Amino acid sequence: MKGLIGFVLAGFLAGVGLSVSGMTNPAKVTGFLDFAGNWDPTLLFVMGGAVAVFAVLNVLIHRRSAPYLCGTLPGVRGATGIDRRLVLGAALFGVGWGLAGVCPGPAVTDLALLRTDVLAFVGAMVGGMLLAQRGFGADAPPAPVEVDVA
Amino acid sequence: MDWDAFTPISATVGGALLALATGLVLFLNGKIAGISGVIARSLRPRAGDTAWRVVFLLGMVAGGAVTFAVYEPAAAFAPSTGTAGMVVAGLFVGFGTRLGGGCTSGHGVCGIGRASTRGVAGTLIFMAVAIVTVYVRLHVVQG
């Protein structure tokens with residue numbers, strides 16, 4: 001596929017950004033989530049910087065009629081429906097994030113540290129993803145609309 | 001407040017770089033590059049939609065490796081739990097991000113950046129639950 005180098009660069013930027021930001025250190029994440037302790041607001045700035053820049057890029061990119069390489073643009077506004085899966089899934093993710101201070105992007109980036117605990121986390125995370133996809137239909141294509149003919 | 005640990009400049013720069021990365025993917029192929037989605041959908045290969053995910057993830061590891069080597073503060077890694085705890089947490093993170101359709105990058109950065117009510121709701125929920133989880137872990141169980 002043409003243009004793969006662009007995705008290597010994008011991944012590289014993501015890895016640099018996450019490690020520079022401090023999110024690849026679980027203690028930093030735990031310090032942000034620990035409001036009752038010695039609170040470290042650093043992650044608010046990671047999130048703020050990222051949201052601000054992405055919001056501008058999203059609008060600029062949607063001035064194009066199509067992406068540069070392939071596919072279609074998803075629309076300038078994101079999805080709006082809130083359902084049980086979103087609520088339960090986000091809550092379960094919150095439990096895991098609070099337990100270890102690690103979320104998916106930093107976990108992948110931290111593989112570069114060659115630590116067995118990071119490898120164990122990523123292996124279990126992939127297992128959890130496969131369980132959700134194969135056992136609970138997450139990421140499945142939308143079900144065909146049933147037409148009530150009665 | 002922990003003023004010694006507070007690093008707002010590197011945090012803002014890092015966040016902006018992450019947004020450049022997801023913006024580049026949107027520009028190239030129109031995909032919303034939430035990291036949990038990039039990982040999960042690389043696990044169920046589809047023609048034309050897998051190679052970019054794999055090289056993106058490899059690029060992330062390379063970006064981490066270079067940064068850890070040249071910028072010493074970034075290489076700090078102080079685990080919050082042991083390896084068994086990491087396995088349990090990993091299962092929750094993997095299952096939850098797929099069921100809920102996003103993580104800190106997909107719901108948090110891209111979702112909020114696109115004014116998605118799903119992204120805002122997902123972010124508020126996982127933040128709140130993570131804050132409660134840390135409270136229980138540090139101030140109830142260990143306290």
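How far apart are the end C-alpha atoms of helix H6 of chain A, and what should its 21 residues span?

## Helix H6 of chain A

This is a predicted model, and one way into it is through helix H6 of chain A, which covers residues 116-136. At 1.5 Å a residue, the 21 residues of this helix should span 30 Å, and the end C-alpha atoms are 29 Å apart, so the two values agree. After H6(A) comes Gly137(A), whose phi is positive, near 70 degrees.

Several residues of H6(A) are buried, among them Asp117(A), Val118(A), Phe121(A), Met125(A), Gly128(A), Met129(A) and Gln133(A). The cover over the buried residues of H6(A) includes elements from both chains, namely helix H4 (84-100) and helix H5 (104-110) of chain A, together with H2 and H4 of chain B.

## The fold of chain B

Chain B holds six helices and zero strands, and along its sequence the pattern reads α-α-α-α-α-α. Taken along the principal axes, the C-alpha atoms of chain B fill a box of roughly 50 × 35 × 30 Å.

Of the 143 residues in chain B, 55% count as buried. When contacts in chain B between residues at least 6 apart in sequence are considered, 34% of them join residues at least 24 apart.

## Where the two chains meet

The contact between the chains draws 113 residues from chain A and 105 residues from chain B. Between them, chain B and chain A bury about 9600 Å², of which 76% lies on carbon and sulfur atoms. Within chain B, the residues that lose the most area to chain A are Phe77(B), Leu99(B) and Arg114(B), which together make up 8% of what that side buries.

There are 29 residue pairs in polar contact between chain B and chain A, counting pairs with both residues at pLDDT 80 or more, and the count of salt bridges between the two chains is one. That salt bridge joins Arg118(B) to Asp83(A), with the closest N and O atoms 3.5 Å apart.

On the side of chain B that touches chain A, the elements giving two or more residues are helix H1 (8-29), helix H2 (35-42), helix H3 (51-70), helix H4 (83-100), helix H5 (104-113) and helix H6 (117-141) of chain B. H1(B) gives the most to this side, with 20 residues. By class, the side of chain B that touches chain A has 63 nonpolar, 34 polar and eight charged residues.

Methods
Residues are numbered from 1 along each chain as its sequence is written. Chains are lettered from A and ligands numbered from 1 in the order in which they are written. This is a predicted model: local features need pLDDT of at least 70, side-chain atom pairs count only at pLDDT 80 or more; totals for chains, interfaces and linings use all residues. Side-chain values use heavy atoms; hydrogens and water are left out. Contact means heavy atoms within 4.5 Å. Buried area is the accessible area (1.4 Å probe) that two parts lose on being put together, summed over both. A salt bridge is a side-chain nitrogen of Lys or Arg within 4 Å of a carboxyl oxygen of Asp or Glu. A polar contact is a pair of N or O atoms within 3.5 Å; within protein, one must be able to donate a hydrogen and the other to accept it, and residues adjacent in sequence count only if both atoms are side-chain atoms. Helices (H or I, at least four residues) and strands (E, at least two) are DSSP runs, numbered from the N terminus. Ala, Val, Leu, Ile, Met, Phe, Trp, Tyr, Cys and Pro count as nonpolar, Asp, Glu, Lys and Arg as charged, and the others, Gly among them, as polar. The expected span of a helix is 1.5 Å times one less than its number of residues. Buried means under 20% relative accessible area, exposed over 50%, partly exposed in between (1.4 Å probe, protein chains only).
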